[in-house]
Amino acid sequence: MIEHKWMMSEKPDDDGDPSLLVQTRPKTKRPPLYKVLLLNDDYTPMEFVVHVLERFFGMTHAEAFEIMLTVHKKGVAVVGVFSHEIAETKVGQVMDFARRHQHPLQCTMEREE
Ligand code: TYC
């Protein structure tokens, strides 16, 4: 069989937009993760914060107490890392629960880099 050698100018698909030809690795980008943060304040009782961490973040009493103290001392702490949807749900649950008990506890989320 005679092999056809392509001439420089007749190679198929090598004469168009070069940006379409530079994709080498397949795209395997994972969705971003979000940190859920708990903020300190002067009024929410420590036991309430411990209860929130046990109830919504599945922590043991000892874990919850430790994280609560970190927030109390440092002003803020990451209490978990989740998908966008789960993080939003956690923040909503904490904010709802705090409001229902008339505590000013604040919980937010932030995209992880
Ligand atoms: N600083 C609060 C107090 O002294 C306790 C507290 C801890 C409040 C953590 C909020 O996220 C918080 N009662």
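Colleague: How many aromatic pairs turn up in the whole structure?
Modeller: A search of the whole structure gives three aromatic pairs, where rings of Phe, Tyr and Trp (its six-membered ring) pair if their centres lie within 6.5 Å, with planes under 30 degrees apart called stacked, over 60 edge-to-face and the rest tilted. Phe48 and Phe97 form a stacked pair, 5.3 Å centre to centre with 15 degrees between the planes. That pair links distant parts of the chain, since Phe48 is in helix α1 and Phe97 in helix α3 (residues 84-100), 49 residues apart. This is a predicted model, in which local features need pLDDT of at least 70 and side-chain atom pairs count only at pLDDT 80 or more, while totals for chains, interfaces and linings use all residues. Residues are numbered from 1 along each chain as its sequence is written, and side-chain values use heavy atoms, with hydrogens and water left out.

Colleague: Is Phe97 buried or exposed?
Modeller: Phe97 counts as buried because its relative accessibility is 5%, buried meaning under 20% relative accessible area, exposed over 50% and partly exposed in between (1.4 Å probe, protein chains only).

Colleague: And what sort of pair do Phe57 and Phe82 form?
Modeller: Phe57 and Phe82 form a tilted pair, at 6.3 Å centre to centre and 40 degrees between the planes. Phe57 lies in helix α1 and Phe82 in strand β2 (residues 76-82), so the pair ties together parts 25 residues apart in sequence, and both residues are buried.

Colleague: Switching topic, where is Thr44?
Modeller: Thr44 sits in the loop between β1 (34-39) and α1 (46-57), helices (H or I, at least four residues) and strands (E, at least two) being DSSP runs numbered from the N terminus.
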